[in-house]
Amino acid sequence: MGLALDEPREGDETYQINELPLIVDPFALKLIRESGGLTIKSSAFGPMAELDNSGSGRCSC
C-alpha cells in the first residue's frame, strides 16, 4: 500500500495510527481493517506503510 500526500475527497474516512490521523479512501480503509491494522515504519527508502495482516503471511507495500 503506497502513501501519498493528497487533499481529502468526499467519502474519505479517517484512520488513526499512534495519534497520527490518516485520511484514506473507503477501499483502502477496508483493506486496512481486514488486515488487522497498519504500521508505518522507516526504511532505507523512507517511510513505508505495512499492513499488519493478522491472517496468512505478511504484506509489505
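Tyr15 counts as buried because its relative accessibility is 16%, where buried means under 20% relative accessible area, exposed over 50% and partly exposed in between (1.4 Å probe, protein chains only). This is a predicted model, in which local features need pLDDT of at least 70, side-chain atom pairs count only at pLDDT 80 or more, and totals for chains, interfaces and linings use all residues. Residues are numbered from 1 along each chain as its sequence is written, and side-chain values use heavy atoms, leaving out hydrogens and water.

So where does Tyr15 sit? You'll find Tyr15 in strand β1, residues 13–17; helices (H or I, at least four residues) and strands (E, at least two) are DSSP runs, numbered from the N terminus. Skip residues up to four places away in sequence, and Tyr15 still touches Leu20, Pro21, Leu22, Val24, Leu29, Ile32, Gly37 and Leu38, with contact meaning heavy atoms within 4.5 Å.

Tyr15 also belongs to the largest nonpolar core, which has 10 residues, including Ile17, Ala49 and Leu51. Such a core is a set of buried Ala, Val, Leu, Ile, Met, Phe, Trp, Tyr and Cys residues joined through side-chain atoms within 4.5 Å.

| Residue | Relative accessible area |
|---|---|
| Tyr15 | 16% |
| Ser35 | 5% |
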